[in-house]
Amino acid sequence: MKRFARLGRLLVLAALLREGGAAATPSNSPAAADDFAQALALYQARHYSEARCVFERLAAMRPGDVELDFYLGRLALWFDDEAGALAHLERAARVAPREARVQNALGDAYGLAAQNASVVAKLSWAWKCRAAYDRAVELDPNNAAYHWSRLGFFCVAPRVAGGGDEKAAAEAEAIRRLDAVAGRIAFATLYLAEKKFDLAFAQVDALARERPDDFFALYHVGRCAALSGQQLERGRAALEHCLALPAPPGEGMPTRAAVHYRLANILEKAGEAAAAQAEYAAARAEDPDFRPAKIALKG
């Protein structure tokens, strides 16, 4: 059951780093359109608390709007609000059953429910999670974000719930076919989950050779060190190098907050507790809504 316990947390932390997508405005009125544009801009800038307030104000005027339910569901996931996530995303899925992004987000909500459920109920929620992810891939097979969802599921779910390393490897290969660079990170992620750390480093090493002064490549060297507990000094140097470079724009790209967070992970493993707490605080300062740092600081 330990793998079940990891399921919801891993899926939720990954959820907001995947698809964002443009959305239709929820009203023809200029005021509502302006409010929606403001909320969407806040969301895309990762100012999730502020975005949630504006989306909720719009939802009070337009209950049942699929766009508002989608974003409010995603935001509920970010804040570990299981009931809110399920309510918004199940309603959105009923209204728009062929929206792949809605199915994918619904899978995240079911993953959170699996994490929080009793031992008896965990399996049912995990099956629902897998089914929603499968539906997203069926609807939009060329969107790597949905294959990433299944990769995460297969890495952490027990076999009785449909998980398994062979299935995870197939998803990593699907991601590689869509994007060679993302494929390297997908296989590194798989090998980290399998504790095949040499193979994980081989993937990020190849990326680092191709892009030696690139924020994305350096971040993933540091991430690999942070998650494996190996090559800590190299990982630390890579992340510190990141902080001297501009962060890449776009959905799913690592941020400066993520760099500080992974640097804190490395410092913890190196026994530098005070320095690690300072890096967690730096991550929170970069992004007040960066949940992994919030969780670490509470600990």
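In this predicted model, helix α9 (residues 165-178) and helix α10 (residues 180-193) have axes that come within 6 Å of each other. The two axes cross at roughly 165°. Angles over 145 degrees count as roughly antiparallel, so α9 is roughly antiparallel to α10. The crossing of this pair is right-handed. Two packed helices are described by the angle between their axes and the distance between the axes.

The contact draws on residues from both helices. On the α9 side, Asp165, Ala168, Ala169, Ala172, Glu173, Ile175, Arg176 and Leu178 take part. They meet Ala180, Ala182, Gly183, Ala186, Phe187 and Leu190 in α10. By class, ten residues of this contact are nonpolar, one is polar and three are charged.

Aromatic rings were examined next. The structure holds twelve aromatic pairs. One of them joins Phe36 and Tyr71, with ring centres 6.3 Å apart and planes at 70°. Planes over 60 degrees apart count as edge-to-face, so this pair is edge-to-face. Phe36 lies in helix α2 and Tyr71 in helix α4 (residues 66-78). The pair therefore ties together parts that are 35 residues apart in sequence. Both Phe36 and Tyr71 are buried. Phe36 and Tyr71 also belong to a cluster linked by ring pairs, together with Tyr43, Tyr48, Phe55, Phe70 and Trp78.

A further aromatic pair is formed by Phe187 and Tyr191. The centres of these rings are 6.0 Å apart, and 35° separates their planes, making the pair tilted. Both residues lie in helix α10. They are four residues apart, about one turn of the helix. Phe187 has 8% relative accessibility, so Phe187 counts as buried. Tyr191, at 17%, counts as buried too. Phe187 is also among the α10 residues that meet α9.

Backbone angles were considered last. Most residues other than glycine have a negative phi. Arg46 has a positive phi, near 65°, and is not a glycine. Arg46 is found in the loop between α2 (30-44) and α3 (48-61). Its relative accessibility is 18%, and because buried means under 20%, Arg46 counts as buried. Gln231 likewise has a positive phi, about 50°, although it is not a glycine. Gln231 is found in the loop between α12 (215-228) and α13 (232-242). At 36% relative accessibility, Gln231 counts as partly exposed.

Technical notes:
Residues numbered from 1 in each chain as written. Predicted model: local features only at pLDDT ≥ 70, side-chain atom pairs only at ≥ 80, totals over all residues. Heavy atoms only, no water. Axes fitted to C-alpha atoms, helices over the stretch in contact; angles between N-to-C directions. Helix = DSSP H or I, 4+ residues; strand = E, 2+ residues; numbered from the N terminus. Parallel < 35°, antiparallel > 145°, perpendicular 65-115°, else oblique. Left-handed = near helix turned anticlockwise from the far one by under 90°. Contact = heavy atoms within 4.5 Å. Nonpolar A, V, L, I, M, F, W, Y, C, P; charged D, E, K, R; others polar. Buried < 20%, exposed > 50% of the residue type's maximum accessible area, 1.4 Å probe, protein only. Phe/Tyr/Trp six-rings, centres within 6.5 Å; stacked < 30°, edge-to-face > 60°.
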